[in-house]
Amino acid sequence: MSSASPTSLTGRWRIVSMDLWDSDTIDLVEPAYIEFDGDQTGRFGFIAVEGWMDCRQATRDGKGCVEFTWEGNDEGDPVNGRGWAMLTDNRTLNGHIYFHLGDDSGFQAVRT
């Protein structure tokens, strides 16, 4: 699919892999996920991190994607950052999450 918008990504996606952490780690508290609502917002959770997103339609490498800023907490400590997500096909989502002044990791998710 060549374009992605917050609407085309609406729903919950299961994060199945991340570049920086293994699957047991990313599922520490609950199964890792990223979720897009129809109103340009969303949320995600992995390890002990939960975040709330402000999503915008964008272009990356000539293809449609969604870029987002986020704020949340990591084991109760406030954290924030940015990220992006792009459909590779109707069932697979690739993206990257960045922590402000901290770690960053690519991720792959499948539609649930």
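**Barrel, core and salt bridges**

Modeller: Here 8 strands close into a barrel in the order 1-2-3-4-5-6-7-8, with antiparallel pairing. Neighbouring strands of this sheet are turned by 30 degrees against each other on average, direction ignored. For that angle, axes are lines fitted to C-alpha atoms, and angles run from 0 to 180 degrees between N-to-C directions. This is a predicted model: local features need pLDDT of at least 70 and side-chain atom pairs count only at pLDDT 80 or more, while totals for chains, interfaces and linings use all residues. Residues are numbered from 1 along each chain as its sequence is written, and side-chain values use heavy atoms, with hydrogens and water left out.

Biologist: What counts as a strand, and when do two strands pair?

Modeller: Strands are DSSP runs of E with at least two residues, numbered from the N terminus. Two of them pair if DSSP finds at least two bridges between them. Strand 1 (residues 11-18) and strand 2 (residues 33-36) are antiparallel and share 4 bridges; R12 has E35 of strand 2 as its bridge partner.

Biologist: Over how many bridges do strand 1 and strand 8 pair?

Modeller: Strand 1 pairs with strand 8 (residues 104-111) over 5 bridges, in the antiparallel sense. In strand 8, V110 stands opposite R14. Strand 3 (residues 41-46) and strand 4 (residues 49-60) also run antiparallel, joined by 6 bridges. One example is F44, whose bridge partner in strand 4 is G51.

Biologist: How do I read the nonpolar core?

Modeller: A nonpolar core is a set of buried Ala, Val, Leu, Ile, Met, Phe, Trp, Tyr and Cys residues joined through side-chain atoms within 4.5 Å. Buried means under 20% relative accessible area, exposed over 50%, and partly exposed in between (1.4 Å probe, protein chains only). The largest such core has 25 residues, of which I34, F36, F46, L93 and F107 touch the most other members. Strands 1, 2, 3 and 4, strand 5 (63-74), strand 6 (77-89), strand 7 (92-99) and strand 8 each supply at least two residues of this core.

Biologist: Which residues is F107 in contact with?

Modeller: Contact means heavy atoms within 4.5 Å. Leaving aside neighbours within four places in sequence, F107 is in contact with I15, S17, M18, I34, W84, A85, L93, N94, G95, H96 and I97.

Biologist: Is E35 buried or exposed?

Modeller: E35 lies in strand 2 and counts as buried because its relative accessibility is 18%. Its contacts, apart from neighbours within four places in sequence, are G11, R12, T41, G42, R43 and M53. The side chains of E35 and R12 make a polar contact at 3.4 Å. A polar contact is a pair of N or O atoms within 3.5 Å; within protein, one must be able to donate a hydrogen and the other to accept it, and residues adjacent in sequence count only if both atoms are side-chain atoms.

Biologist: And how do I read a salt bridge?

Modeller: Side chains of opposite charge can pair when their charged atoms come close. A salt bridge is a side-chain nitrogen of Lys or Arg within 4 Å of a carboxyl oxygen of Asp or Glu. The whole structure has 6 salt bridges. In one of them, R43 joins E35, with the closest N and O atoms 3.7 Å apart. R43 counts as partly exposed because its relative accessibility is 27%. R43 also meets D37 in a salt bridge (3.1 Å, N to O).
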